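Good morning, colleagues. Please have the sequence and the structure open as I speak.

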Amino acid sequence: MTMLAVSIMVEESSAEAALAAAARAAEFGADLVEYRIDRIADDIDTINALLSRTPLPCVVTCRPTWEGGEYDGNDADRMSLFEHLGSGPHPPAYLDVELAAYERSANLRQKVGFAVDHPDQQRPLTTGLILSSHDFDRRPKDLLQKIAKMAEARACRVIKVAWHARSLRDNLEAFELIEKKYKPTIALCMGQFGLPSRVLAKKFGGLLTFAALDAQSATAPGQPTIDELKNLYRWDAQRGSTRVYGVIGWPVGHSMSPPVHNAGFDAVDEDAVYLPMPIPPEYEHFKATVGSWLDHAGLHFRGASVTIPHKANLLHFVEESGGEIEPLAAAIGAANTLTKREDDSLYASNSDYAAALDSVCAALDIEREGLTGKQIAVLGAGGAARAVVAGFADAGAGVTVFNRTPEKAAALAERFQAAAAKPEELRDLPWDVLINCTPVGMHPNVDATPVLKSDIEHRKSQTTNQPVVFDTIYNPIQTRLLRDAKAAGCLTVPGTEMFVRQAATQFELWTGKVAPLEVFRSVLESRLT
Ligand code: NAP
């Protein structure tokens, strides 16, 4: 069973604080703590207090500066300390020693050998030796040689390698190293690309993954918190068969999709987890990363949400791979959903336009057929507008595009048999539904609005129907445009509705189950307010 270990950097003379942190880790459900004693290696009283009173089994690590830690003493003293701890009255479950130190001299190896349990050990010791190697820049060229040395060292019970990932592909090698099962293995990638190796260590049967108690106390770059692992990335539900999904973008750190989809998987008890997948903008990166993730049989990577700047890259990729493309996604020139179907074929589709249609239909309490002949005013001519214009035009509505750059409005309108007009003409043109697809009014410019309140009031005064105002912006949820429209007596639709519904379409494609819309809404709203 893969353990969840919380790493604690112990401050000078503060056994109490470290023990309190360990107790909190135990409450959160950690299996193990790692005491990083880099700063207190000469404070034997504090170290003894930790070992005698630790609420969880522990790893003791005293990482030297030359391997990214803070211990600046010599190796002989460090190994003498370890010898003392391993053979003392409260031995730790594991001692972590860098391969480089272990290889440095027979004397050091002998000291380590006296501290831990191994096949040639004469004394009844229990502590296991973790031999470790870290590279904070890149995958070391001699990674496999290092692992071979750790595997061969008779005193070594656990192999640990950690390196700074240069792309999401590095995670695949970490998974493969765990799967080789030379010995119990910890293989972790550091940095923004390394999260999958940390979250999916359990799926692949790694010995453990490390988590921080909170965002401020991470002991390695990219280390998630225990709360994120447990409550966001579904640690407890993870198994070898768990399917992997993600949101591909650059950047993706801000994305609301992981909390929304993971809560959905939880709600319908789906054996799946959803991760952020940062991929740099160029098509080559997209192709290489997505291709390798799809090809990795053990990963069970079955689909992704795809956002800026990769929506066109997805179409290109699926086309090149011989997959199927939803016709309207091809017409829009952008897809936001990748699905690997049960027969392993690829499907690229666009869930944005359907989400926009369904959000408006729900507000009007009509089916999509009811949109025929409705007059739709679309503000903006960018990516979101393209999907909205394509969807409403396809549904038989009369669409007019208003944009500050008239040429872009004209080009978009022409592509989908819509009309184009200048923003100042909005007041005089009748509309049933107004959709804002510009970022005007988005956080932090929350006092801005793309339409004058008087223009909305004017429109309301001219029709017996209740006009609909739909803002695709979802941060804030109630934009100034929506507040003005509500005050004028219009029906209003927030951007959260579109976000939730585009996620629901993806969820249903991937799982074959009805998406829990209410769960999606409450997760999104709780994160936005
Ligand atoms: P985009 O491709 O950059 O297009 C932005 C459009 O807004 C362009 O047509 C641009 O006009 C116009 N615009 C930008 N700043 C403006 C200003 N100050 N005044 C007037 N017009 C302005 O962006 P996008 O991807 O379409 O996204 C637009 C909005 O849609 C964002 O706010 C985003 O939050 C929202 N969105 C929501 C969802 C959802 O699920 N709810 C999904 C996607 C997008 P020019 O053509 O003249 O440059």
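Proline 309 sits in the loop that joins strand S11, residues 301-306, to helix H13, residues 311-320. The model before you is a predicted one. In it, the peptide bond leading from isoleucine 308 into proline 309 is cis, and its omega is near 5 degrees.

A cis bond is also found at proline 476. The bond in question runs from asparagine 475 to proline 476, with omega near 10 degrees. Proline 476 belongs to the loop between strand S19, residues 468-471, and helix H19, residues 480-487.

Lysine 181 is not a glycine, yet its phi is positive, at about 55 degrees. To locate lysine 181, please look at the loop between helix H7, residues 169-180, and strand S7, residues 185-190.

Helix H1 covers residues 15-28 and helix H2 covers residues 44-53; their axes come within 9 Å and cross at roughly 25 degrees. An angle under 35 degrees counts as roughly parallel, and H1 and H2 are therefore described as roughly parallel to each other. Their crossing is right-handed. On the H1 side, the residues in contact are Ala15, Glu16, Ala18 and Leu19, and these meet Thr46, Ala49, Leu50 and Arg53 of H2. By class, this contact between H1 and H2 comprises five nonpolar residues, one polar residue and two charged residues.

The second pair is H11, residues 257-267, with H20, residues 495-511. The axes of H11 and H20 lie 11 Å apart, and the packing angle is about 50 degrees. That angle makes H11 oblique to H20. The crossing of H11 and H20 is again a right-handed one. H11 contributes Ser257, Val260, His261, Gly264 and Phe265 to the contact, while H20 contributes Phe499, Ala503, Gln506, Phe507, Trp510 and Thr511. How many charged residues does the contact of H11 with H20 have? There are none: six of its residues are nonpolar and five are polar.

From H15, the residues Asp352, Tyr353, Ala356, Leu357 and Val360 meet Ala387, Val388, Gly391 and Phe392 of H16. The contact of H15 with H16 divides into seven nonpolar residues, one polar and one charged.

Which of the 21 residues around the ligand come nearest? They are Ala381, Ala384, Asn403, Thr405 and Thr472. For threonine 405, a polar side-chain atom is placed 2.3 Å from an oxygen atom of the ligand. Phe499 has already been mentioned, as one of the H20 residues in the contact with H11.

Note on methods: Residues numbered from 1 in each chain as written. Predicted model: local features only at pLDDT ≥ 70, side-chain atom pairs only at ≥ 80, totals over all residues. Heavy atoms only, no water. Axes fitted to C-alpha atoms, helices over the stretch in contact; angles between N-to-C directions. Helix = DSSP H or I, 4+ residues; strand = E, 2+ residues; numbered from the N terminus. Parallel < 35°, antiparallel > 145°, perpendicular 65-115°, else oblique. Left-handed = near helix turned anticlockwise from the far one by under 90°. Contact = heavy atoms within 4.5 Å. Nonpolar A, V, L, I, M, F, W, Y, C, P; charged D, E, K, R; others polar. Near = heavy atom within 4 Å. Polar contact = N/O pair within 3.5 Å; in protein donor to acceptor, adjacent residues only side chain to side chain.
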